[in-house]
Amino acid sequence: MGHKQLTFAIVGAGMGGLTAAATLRRAGIDAHVYEQAPRFERIGAGIQMMPNSMKVLRGIGIEGKLRPTCFQPYSHLNREWDTGRVMRELPMPESMFGAPYLCMHRAHLHSTLVSALPEEIIHLNKKLVGLDQRAGQLTLAFADGSRATADAVIGADGVHSIVRDIIIGPDAPIHKGRIAYRAIFSSELLHGGDIGPSRTKWWGIDRHIVIYYTTSTRSELYFVTSVPEPAEWLTPESWSAKGDVNELRKAYEGFHEDVRAVLEACPDCHKWAILEREPLPRWSDGRVALLGDACHPMTPYMAQGGATAIEDAAILARCLEEVEGDDIEGAFRRYEEHRKPRTSRIQAISSANTWMKGGDEDTSWLYGYDAWNVPLTPSEAPVHTG
Ligand SMILES: Cc1cc2nc3c(=O)[nH]c(=O)nc-3n(C[C@H](O)[C@H](O)[C@H](O)COP(=O)(O)OP(=O)(O)OC[C@H]3O[C@@H](n4cnc5c(N)ncnc54)[C@H](O)[C@@H]3O)c2cc1C
């Protein structure tokens, strides 16, 4: 296959970009990652990895590194904000979808992904500012004045993607006037209290909070919220913006005592603007394709933004591996045709914030998806937000 001698440039070393580097290399493709940050910061947040993304991580050889240290919740538990009534509980044993459901520190996942790649293929301090596509050859221009060439480019540069701006045109993400507070801290601060064996989402009238442990020893816990934000607050640097813990506690007055105990114990917090976009008209242009939040950013309410970026990486590599000759454009089209129906469906349900709020709707289409083995036909799925 001709493409195997080609070089791919991946813009962005987030979860999607790093996973793509690993899946492309697994397919025998030369890949380099260009990241704007001068170093990897340890972002204080948790992340849930469901069986659908764990299967991809298994394929690139890092499941075994995560498993011993991460928290494996008994179930997805959904409770009413004040009474604590169980609205829906989905136990998630590993046997159910063929892979574990793990919760962890985001930095742990990130550093484990980095450890799966040769150091020399990750280029830090490379902020992409321009991209020139000519006669099958791409030139990437970086803010430090340097350049790189590649035969194809993957834009894995997140919700504020410059690659998307270049190939689709600029537009602003949708900010629906909601923010997410988040905090990660030692369980010792609970003074013997226990948040239970599950990942619990507490559903309020116009707000919610999700709480879980991030380590197998339950030494650390994490929560993330969604609350209306009266002021228009939005920043591209939302990972590092500090929140006010007293405002946060006030926003959850009247919630169940188990929630209040966690918020009382919390020493400080950060906040994010919650951003999303409508599905894009297309994900690629010539030999440039998008992946992850760059093409399907979503609200975090199904915990699938990172997971779908990770799935994208496996499908992209499979499409490239199966291509005839070096028809990269064809592989990119096939990748989009397969992925877009699924990610659009997840974007829509996430936006509506209805996932597992009650009922007994089937969850196997989401968690049972196996990106390594699913047929590479366009994925099914009428949009259903109920
Ligand atoms: C509150 C909250 C909770 C979440 N919880 C979960 C969860 O539990 N499970 C889950 O699966 N997902 C979760 N997500 C979603 C998840 O964080 C994102 O979907 C995921 O990080 C997307 O990965 P990505 O690689 O596409 O983009 P990013 O992680 O945003 O990475 C993009 C990278 O590109 C770099 N970059 C940007 N511009 C340039 C440039 N010009 N040049 C070079 N590099 C550049 C950035 O520095 C960054 O490193 C959550 C999100 C939020 C906000």
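1. Ligand shell, by class. The shell around the ligand is made up of 14 nonpolar, 11 polar and 6 charged residues. In this classification Ala, Val, Leu, Ile, Met, Phe, Trp, Tyr, Cys and Pro are nonpolar, Asp, Glu, Lys and Arg are charged, and the others, Gly among them, are polar. In total, 31 residues surround the ligand, and the closest are Gly16, Glu35, Trp272, Asp293 and Ala307.

2. Basis of the model. This is a predicted model, in which local features need pLDDT of at least 70 and side-chain atom pairs count only at pLDDT 80 or more, while totals for chains, interfaces and linings use all residues. Residues are numbered from 1 along each chain as its sequence is written, and side-chain values use heavy atoms, with hydrogens and water left out.

3. Where the shell comes from. Helix H1 (15-26), strand E3 (46-49) and helix H9 (305-322) each supply at least two residues of the shell around the ligand. Helices (H or I, at least four residues) and strands (E, at least two) are DSSP runs, numbered from the N terminus.

4. Polar atoms at the ligand. The side chain of aspartate 293 has an N or O atom 2.8 Å from an oxygen atom of the ligand. Backbone atoms also take part: a polar one of glycine 306 is 2.9 Å from a nitrogen atom of the ligand, and a polar one of alanine 307 is 2.9 Å from an oxygen atom of the ligand. On its own the ligand has 1,000 Å² of accessible area, and the protein covers 87% of this. Accessible areas come from the Shrake-Rupley method with a 1.4 Å probe; for residues, only the protein chains shown count as cover.

5. Aromatic pairs. How many aromatic pairs are there by this rule? The count comes to 11. Rings of Phe, Tyr and Trp (its six-membered ring) pair if their centres lie within 6.5 Å; planes under 30 degrees apart count as stacked, over 60 as edge-to-face and the rest as tilted. Tryptophan 355 and tyrosine 367 make an edge-to-face pair, 6.2 Å centre to centre with 70° between the planes. Tryptophan 355 lies in the loop between helix H10 (328-352) and helix H11 (364-367), and tyrosine 367 in helix H11, so the pair ties together parts that are 12 residues apart in sequence. Tryptophan 355 is buried at 5% relative accessible area, and tyrosine 367 is buried at 0%. Buried means under 20% relative accessible area, exposed over 50%, partly exposed in between (1.4 Å probe, protein chains only). Phe97, Trp355, Trp365 and Tyr367 form one aromatic cluster.

6. Arginines over rings. Which ring does the charged end of arginine 345 sit over? That of tryptophan 365, at 3.6 Å from its centre. The charged end of arginine 342 sits over the ring of tyrosine 369, 3.7 Å from its centre. A charge sits over a ring if NZ of Lys or CZ of Arg is within 6 Å of the ring centre and within 35 degrees of the ring normal.

7. Buried polar side chains. Serine 75 lies in strand E4 (residues 75-80) and is buried, at 0% relative accessibility. Its side chain makes a polar contact with the side chain of serine 198 at 2.7 Å. A polar contact is a pair of N or O atoms within 3.5 Å; within protein, one must be able to donate a hydrogen and the other to accept it, and residues adjacent in sequence count only if both atoms are side-chain atoms. Glutamine 347, in helix H10, is buried at 6% relative accessibility. The side chain of glutamine 347 reaches the backbone oxygen of arginine 277 at 3.2 Å.

8. Positive phi. Most residues other than glycine have a negative phi. Arginine 218 has a positive phi, near 60°; this residue is in the loop between strand E14 (208-213) and strand E15 (220-228) and is partly exposed at 33% relative accessibility. Alanine 303 also has a positive phi, near 55°. Alanine 303 is in the loop between strand E19 (288-290) and H9, and is buried at 18% relative accessible area.

9. Distances along the chain and in space. Threonine 200, in strand E13 (residues 199-203), is buried at 6% relative accessible area. Threonine 200 is 11 residues from isoleucine 211 in sequence, and their C-alpha atoms are 5.4 Å apart. Leucine 316, in helix H9, is buried at 1% relative accessibility. Leucine 316 and valine 56 are 260 residues apart along the chain, with 12 Å between their C-alpha atoms.

Technical notes: A residue is near a molecule or strand if one of its heavy atoms lies within 4 Å of it.
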